[in-house]
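Keep the structure open as you read.

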Amino acid sequence: MDGVAASSFDVARIRQDFPILSQPQARGRPLVFLDSGASAQKPRAVIDAMVRCMETAYANVHRGAYRLSELATDAYEAARAAAARFLNAADPREIVFTKNSTEAMNLVAHSWGRGVLQPGQAVLISELEHHANIVPWQMLRDDRGNELRVCRVTDAGEIDMEDLERLLSDGKVGLVAMAHMSNVLGTVTPVDRIVALAHAHGAKVLLDGSQAAVHRRVDVQAIGCDFYCFTGHKLYGPTGIGVLWARLEHLERMPPFLGGGDMISVVTFETSEWAPPPAKFEAGTPAIVEAVGLHAAIDYVTAIGMGAIEAHERALVDHATARLAEVPGLRLLGAAQDRGGVFAFGLDAAHPHDLATLLDRAGIAVRAGRHCAEPLHARFGFEGGTTRASFGLYTTKDEIDLLAQALTEAREFFK
């Protein structure tokens, strides 16, 4: 079904797959869930797969010499293979399971940053990054002295490619770490150009796909990056499971991130030898049930078709852009040519938290604050934060209309 036009995307039928969407909210209002960028709702297929695992096939993985453990191990490794297919990885061994994208980027910062990156090399990020792609590099800088460089974004919220090339030009950047899609501006960054430019100057590339992997097909081989990560709970799967994809050659060079069981081949009191990737990076009992849930989520979106999902959400973005422009006193962050279903905005003098509370009374769930992107908010003059509406595959144009109407009414209330 991949590549199917938005006209064949049956959002009404898809919404029936998500039990929570039928639950009434305060005052009996239906739920208008516009916070999928923070964490998406779960379809019945994911819920059922996790319950079935716990009821019929749960045991610890890899070490048990009995049938139930073998079944659990098969299910866990099948999830790894599904994640590899989802990203078009060359080898399932390139998939490392983490708790989330934050842990994945910390893994790269600690393991590749401390084990492979040279002392005189710099890490290059951009102004639109989530804190998870800022703080680990600051910690690396403070610990090892590696320079941290920051690429500007334009007033439209796009990567300033001239500034990126300038920052790369001296050949000292060892790693470029950037979001594939901004969780505030909705900007979809030109990853093909970023990777080509970085590689031309001798830098490796890490892409934070936390938002992008939810909204469009990702092919890591076609993109050509070195590391890519996403998190399960935004992809309609459970919390507690994320994915780091890395080229096998990098994983083989990197030292372990955590020590303990399952990541070793030999242990004595004098020394230890590591297991090969990906086990080397998965210390201790992993998120077994969550991996099963992630597998179900990947199967769910794959069956719908990432092309169909992208087409549906492009139509939502166009509709939201037009409708929000009609709301008096609303200022939208970002005007990128290529953007996903994330809209952060301010409304006259209304505080974001007050506005979100008022919208909740209308059954509309949005996010309020700085969305783990404080430097980006400062860049656009929104130090106090914004209100953010973010879409999922179950979002409808009618819900966007309700948001626009509620915002117009809220402005009158605050006046």
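How do the residues lining the second largest pocket divide into nonpolar, polar and charged? There are nine nonpolar, one polar and four charged. The model is a predicted one. This pocket holds about 310 Å³ of space. Of its 14 lining residues, Arg29, Ala362, Ile364, Ala406 and Glu409 are the closest to the centre. Two elements give two or more residues to the lining: helix H13 (352-361) and helix H15 (397-414). H15 provides the largest share, five residues.

Now turn to the largest pocket. About 380 Å³ of space lies here. Its lining counts 24 residues. Gly37, His130, Asn183, Lys234 and Cys372 lie nearest the centre. The lining divides into eight nonpolar, 12 polar and four charged residues. The largest share comes from H4, with three residues.

The structure has one cavity of 30 Å³ or more. The largest cavity holds about 70 Å³. Look for helix H12 (residues 306-325), which gives the largest share of the lining, four residues. Glu310, Glu313, Arg314 and Val317 are among the lining residues. Met181, His215, Arg216, Arg339, Gly340 and Gly341 line the cavity too. By class, the lining splits into five charged, three polar and two nonpolar residues.

Conventions. Residues are numbered from 1 along each chain as its sequence is written. This is a predicted model: local features need pLDDT of at least 70, side-chain atom pairs count only at pLDDT 80 or more; totals for chains, interfaces and linings use all residues. Side-chain values use heavy atoms; hydrogens and water are left out. On a 1 Å grid over the protein atoms alone, a cavity is a set of points where a 1.4 Å probe fits but cannot get out, and a pocket is an open set with protein on both sides within 12 Å along at least five of seven lines; lining residues have an atom within 4 Å of a point. Grid points are joined across faces, edges and corners, and a volume is the space filled by probe spheres set on the points. Ala, Val, Leu, Ile, Met, Phe, Trp, Tyr, Cys and Pro count as nonpolar, Asp, Glu, Lys and Arg as charged, and the others, Gly among them, as polar.
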